[in-house]
Amino acid sequence: MARPDTAGLAGRWSGDFIREAPPTIDWLIEQLFVRGGTTEVYAQTGMGKTWLALQIAAHVMEGTPLFGRFKVARPGPVVYCQAELDDSQLRFRLHTLAQQ
């Protein structure tokens, strides 16, 4: 099994990271989601995971701040994959979000 790439980390202390300027992060939604990253949302049934995911997708497509606070760095298309809702349920939720 290959070891993860740790180049540049060997022999470094946490203080080194505090003193150095942090690397630039390519945000999708500032302070929340990194462009090209993977995010997993999980909770008990009925807690609003699907609504949250659809809200995030809508804000990324529109380029509007998520929750009025978190800036979308670069608006763009979204691919939303789900296996939970049938077509009518998904269309109902999308229509409901569009009315807000």
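1. Helix H3 of this predicted model consists of twelve residues, and the distance from its first C-alpha to its last is 16 Å, close to the 16 Å expected at 1.5 Å a residue. Its buried residues are Leu90, Arg93 and Leu97; seen down the axis of H3, these buried residues fall within an arc of 65°, so they line one face of the helix. On the face of H3 turned away from that buried side one finds the exposed residues Asp87, Arg91, Phe92 and Ala98.

2. What lies over the buried side of H3? The cover of the buried residues of H3 includes H2, and, looking from the other helix, the cover of the buried residues of H2 includes strand S1 (27-29), strand S2 (33-34) and helix H3 (87-98). Each of the two helices is therefore named in the cover of the other, which can be read with contact taken as heavy atoms within 4.5 Å.

3. Helix H2 covers residues 49-62, and its 14 residues should span 20 Å at 1.5 Å a residue; the end C-alpha atoms are 20 Å apart, which agrees with that expectation. The buried residues of H2 are Thr50, Leu54, Ile56, Ala57, Ala58, His59 and Val60, a list that contains Thr50 and His59 as well as Leu54, Ile56 and Val60.

4. Thr50, which is found in helix H2, deserves a separate look. Is Thr50 buried or exposed? Its relative accessibility is 8%, and Thr50 therefore counts as buried, the cut-off for that term being under 20%.

5. With a relative accessibility of 28%, Gly63 counts as partly exposed. Leaving aside its neighbours within four places in sequence, Gly63 is in contact with Val72 and Pro75. Gly63 and Gly76 are 13 residues apart in sequence, and their C-alpha atoms are 7.6 Å apart in space.

6. Which residues other than glycine have a positive phi? Phe67 has a phi near 60°, and Gln31 has a phi near 70°. Most residues other than glycine have a negative phi, and a colleague may wish to look at both places in the model. Phe67 is found in the loop between H2 and H3 and, at 56% relative accessibility, counts as exposed. Gln31 lies in the loop between S1 and S2 and, at 60% relative accessibility, likewise counts as exposed.

7. For the chain as a whole, there are three helices and two strands, and from the N terminus on the elements run α-β-β-α-α. Of the 100 residues of the protein chain, 18% count as buried, and the accessible surface comes to about 8,400 Å², of which 57% belongs to carbon and sulfur atoms. Among the contacts in the protein chain with a separation of 6 or more, 47% are accounted for by residues 24 or more positions apart.

Methods
Residues are numbered from 1 along each chain as its sequence is written. This is a predicted model: local features need pLDDT of at least 70, side-chain atom pairs count only at pLDDT 80 or more; totals for chains, interfaces and linings use all residues. Side-chain values use heavy atoms; hydrogens and water are left out. Helices (H or I, at least four residues) and strands (E, at least two) are DSSP runs, numbered from the N terminus. The expected span of a helix is 1.5 Å times one less than its number of residues. Buried means under 20% relative accessible area, exposed over 50%, partly exposed in between (1.4 Å probe, protein chains only). Accessible areas come from the Shrake-Rupley method with a 1.4 Å probe; for residues, only the protein chains shown count as cover. The arc is that of the directions from the helix axis to the C-beta atoms.
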